[in-house]
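Reader: I am new to this structure. Please show it to me, and then let me ask about the terms.

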Amino acid sequence: MTKRIFRGIFLTAMAAMILAALLITLSVYYVYEMRMTEELRSEAAYILHGLSRAESELAYFEGFASPNRVTLVAADGTVLYDSAREASMLDNHYHRPEVHEALKTGSGESRRYSSTLAETTFYYAVRTPGGNVLRLANTRSSVLGIFLRITPLLFLIISGVTIISLIIARLVSKRIVTPINTLNLDAPLENDVYDELSPLLLRLDRQKKQNAMQMKALTEKQNELSAVTENMREGLILLGPDSNVISMNTSAAKIFGVEAQSMAGSSILALVRDTLVKEAIEDAQNGSSADAVFEKNGRYYQVLASPVPKNGSSTGVVLLMLDITDKHAAEMSRREFTANVSHELKTPLTSISGYAEIMRDGLARPEDMKTFAARIYDEANRMIALVNDILELSRLDEHKGLGEKTEVDLLQMAQSVARHFMPRAEEKGIILSVDGMDLSVYGYPALLNEMIANLVDNAIKYTDRGGSVRISVGRYPDGAMLSVSDTGIGIPKEHQPHVFERFYRVDKSHSKATGGTGLGLSIVKHIAAVHDADIRLESEVGKGTCVRILFKRLHQL
């Protein structure tokens, strides 16, 4: 036993020392290699900067000096310049890995090892502005070369550590074994020398206690697991190898509208008959995890089927059901949005293409050319407006690029917007007015200005000559209120719940005539949401519309 302990301590010390030496060598080499590669890249960047300013790339290298080998290669692989050798003496470099990769992707790296010299040459190549390839190279000792250089020092260290390890291992092994060799076997409980010996001396006495403690621990864990599964929002079902229900938690029972206890032993087909779910369960029974989506009572659930393996085969299946109704609705909304964007872009593009084709083929009369160009211009502006609105919605969705919040005077901002739209209102013979009190909210000035402008723009669009548009700022019990009302055409009640949806139009023909993108009120809704404000809409056909923005936080000026 003493010899085993001695060998264990000694071999462990030697192994640790050798491993540490190797790891240190590799770490140093890795850091060294990274620094050298970074230096090559850095110098290449400097040279590229100089080449971009030089009259010619070859002229730049006249009198050039660098600690690294620098080579300029033409796009066909011909060496134009080399800092180490005469360029004409070098063969074609087109098939060199780093050069080929640089010509293809813009930059490339490679390394080549010389077993004779135990050295590694690192190459870094990058495409120049003139279409050539700039390659830098540096040769350094490889890991083996570095290791061979420090071998004498390592030998001295290993020799010293070996001697010290032998002495320490011998002393420690004797010290460990001596108390064990002097044990009094007639009274083993009196020889409690080491704590590690207690389990051996007390095994029989402690075995019964351990069994009792283990049973208690298993019961507690079972209770904990039951508490977790019963309080999970996700549905959990455990199936046996015959696809019968072994157990299910409360959430799963609620999903299917059954009693959990009554379903024990029943087939899973009694709960769900979806083909995709059935296939997922079969895959899990064959040892592969699978998933599927099914609909139940108007909600969508994702089922994750995982096998319960034992001795290489599946002894059951665990089903985890996640409510993905919101995710599914978001996906459907995304698809609908994509379809709407495609449709909205296709219409003006088709119009532009048609007019352009007529003009290209010379079918348009000279006097019609200006009209066609104007229509193309209008359709292009319509697309630009649509793209800008889409980008604005994306920015609002991601809450990026909103600027900084500050205190905004709603009345002053409403007056500023009114001044901007006053010429347009007067042109249509519409009375545009602003009234109210000085109230301020904490928000994003640019967004609030855009929100008011969109509401005023819509009000003027859908108000006939002789009508009026009124912007008002006032209080309401919980904060500040901004309203934009008009005496326009109004919105039918069946359309009012949808007017803030993307691309929704009450009258598509009228919207097209007014140049709307169908996103203005959706942008208003998003800006209000960013400011934690509510939107109220009141409208009656033929009498007008009133949109109120209710801000919850108010600052009295």
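Author: What follows is a short exchange on how the terms apply here. This is a predicted model, where local features need pLDDT of at least 70, side-chain atom pairs count only at pLDDT 80 or more, and totals for chains, interfaces and linings use all residues. Residues are numbered from 1 along each chain as its sequence is written, and side-chain values use heavy atoms, with hydrogens and water left out.

Reader: Why is Ile168 called partly exposed?

Author: Its relative accessible area is 45%. Buried means under 20%, exposed over 50%, and partly exposed in between (1.4 Å probe, protein chains only). So Ile168 counts as partly exposed.

Reader: Which helix holds Ile168?

Author: Ile168 is in helix H5, residues 151–181. Helices are DSSP runs (H or I, at least four residues), numbered from the N terminus.

Reader: What makes up the nonpolar patch on the surface?

Author: Ile164, Ile168, Val172 and Ile176 form it. Together they have about 310 Å² of accessible area (Shrake-Rupley method, 1.4 Å probe; only the protein chains shown count as cover). Patch residues have over 30% relative accessible area and no salt bridge, and nonpolar side chains are joined within 5 Å. A salt bridge would be a side-chain nitrogen of Lys or Arg within 4 Å of a carboxyl oxygen of Asp or Glu.

Reader: Which residues of H3 are buried?

Author: In H3, residues 97–105, Glu98, Val99, Ala102 and Leu103 are buried.

Reader: How do you know that they line one face of the helix?

Author: Seen down the axis of H3, the buried residues fall within an arc of 135 degrees, so they line one face. The arc is that of the directions from the helix axis to the C-beta atoms. The face turned away from the buried side carries the exposed Lys104 and Thr105.

Definitions and conventions:
Helix = DSSP H or I, 4+ residues; strand = E, 2+ residues; numbered from the N terminus. Patch = residues over 30% accessible without salt bridge, like charges linked within 9 Å, V, L, I, M, F, W, Y side chains within 5 Å.
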